[in-house]
Amino acid sequence: MRLLDQKSSVNCIDPSELMRPEPAFADKEISKFRDYTIDPTDPLKDRVQRTYREMHLNQTVDFVKGRHADWLQFNHFTATIREALEKLNDLVDESDPDLDLPNIVHAFQAAERAREEYPDDDWLHLTGLIHDLGKVMAFYGEPQWAVVGDTFPVGCLWSDNIVYRDTSFAGNVDGDNPKYNTKYGMYKPNCGITNITMSWGHDEYLYNVLKHNKSTLPNEALYIIRYHSFYPWHTSRDYTHLEAPGDENIMKWVNIFNRYDLYSKSAKIPNIDELWPYYQNLIDKYCPGELQF
């Protein structure tokens, strides 16, 4: 069943109100976010570029199939949501040009921004908290280039709006494969975004973890988690030739969430200890107990 065929449980939010382009809580100019300028003299920018180079060289159709075969057995570890989140205390995202802090800080920043603007929509608060939780793969042998960063479809022509598109795909074998290097590649026109094979990373992994463990988060939360890093689609509007009716609803919710994912990043650190009781209640409501990862 396609995700959009399932019944939605979201009733409170007016999406038109959420899609304001420049949130007031951003603590720097909007144009300063997602700065992928190439600068080998800047250690942060150089680290980001190197991470994307490894990603774009190695993310092939065969690689992604192999990751599915491995990770989607859900036999790597068991943990509660809190236990998994606390692992992110020790993870700095090597693909992120906006923040050089442990990923759990970003998790609470995103959650609290959503909570400030829509205090009654607790599912959105929890989505903000856990949206990057799939990055725990980095503690179980997965290199960061297969965990973090923007995602893109494999098996078809790479979009011009993928980060470092002009320089970092050289050597990726799918680029020489006529089955994969055309506009549609291995897909059919209007096949639907949910039927595309995405590059492997934390988005696809956590989406599948939540489905496997029967989380009761609404469908909109699952859209957000699965596609929040798919910037060439939801921001640049590439790959529209693969969309099916209803995919615009997925994109709408991902763009709503992008306000909290991107623009909440700052050096201001929330008081995580004080916030845990509230978020533990949400975890118990939507994703209780130990999960299989």
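Me: Leaving aside neighbours within four places in sequence, which residues is Glu290 in contact with?
Reply: This is a predicted model, and Glu290 lies in its loop between H12 and strand E2 (291-292). Once the neighbours within four places in sequence are set aside, the residues in contact with Glu290 are Thr78, Ala79, Thr80 and Asn213.

Me: Is Glu290 buried or exposed?
Reply: The class follows from the relative accessible area, for which exposed means over 50%. Glu290 has 55% relative accessibility, and therefore counts as exposed.

Me: What distance separates the C-alpha atoms of Glu290 and Ala84?
Reply: Along the chain, Glu290 and Ala84 are 206 residues apart.

Me: What share of the contacts with a separation of 6 or more comes from residues 24 or more positions apart?
Reply: The count covers contacts in the protein chain whose partners have a separation of 6 or more. Among these, the share from residues 24 or more positions apart is 82%.

Me: How many helices and strands does the protein chain have, and in what order do they run?
Reply: The protein chain holds twelve helices and two strands. Read from the N terminus on, the order is α-α-α-β-α-α-α-α-α-α-α-α-α-β.

Me: How are H5 and H12 oriented to each other?
Reply: Helix H5 covers residues 103-117 and helix H12 covers residues 272-286. Their axes come within 12 Å and cross at roughly 60 degrees. H5 passes H12 in a left-handed crossing. The angle makes the orientation of H5 to H12 oblique.

Me: Which orientation do H5 and H6 have to each other?
Reply: The axes of H5 and helix H6 (residues 122-130) come within 7 Å and cross at roughly 165 degrees. The crossing of H5 past H6 is right-handed. Angles over 145 degrees fall in one class, and H5 and H6 are therefore roughly antiparallel.

Me: How do the residues of the contact of H5 with H6 divide?
Reply: On the H5 side are Ala107, Phe108, Ala110, Ala111, Ala114 and Arg115, and on the H6 side Leu124, His125, Gly128 and Leu129. These residues divide into seven nonpolar, two polar and one charged.

Me: Is Thr60 buried or exposed, and which residues does Thr60 touch?
Reply: Thr60 is placed in the loop between helix H2 (43-58) and helix H3 (61-71). Its relative accessible area is 10%, so Thr60 is buried. Not counting residues up to four places away in sequence, Thr60 touches Val154, Asn172, Val173 and Asp174.

Me: What separates the C-alpha atoms of Lys211 and Leu222?
Reply: Lys211 belongs to helix H8 (residues 202-212). With a relative accessible area of 35%, Lys211 is partly exposed. Leu222 is eleven residues apart from Lys211 along the chain, and the separation of their C-alpha atoms is 8.5 Å.

Terms used. Residues numbered from 1 in each chain as written. Predicted model: local features only at pLDDT ≥ 70, side-chain atom pairs only at ≥ 80, totals over all residues. Heavy atoms only, no water. Helix = DSSP H or I, 4+ residues; strand = E, 2+ residues; numbered from the N terminus. Contact = heavy atoms within 4.5 Å. Axes fitted to C-alpha atoms, helices over the stretch in contact; angles between N-to-C directions. Parallel < 35°, antiparallel > 145°, perpendicular 65-115°, else oblique. Left-handed = near helix turned anticlockwise from the far one by under 90°. Buried < 20%, exposed > 50% of the residue type's maximum accessible area, 1.4 Å probe, protein only. Nonpolar A, V, L, I, M, F, W, Y, C, P; charged D, E, K, R; others polar.
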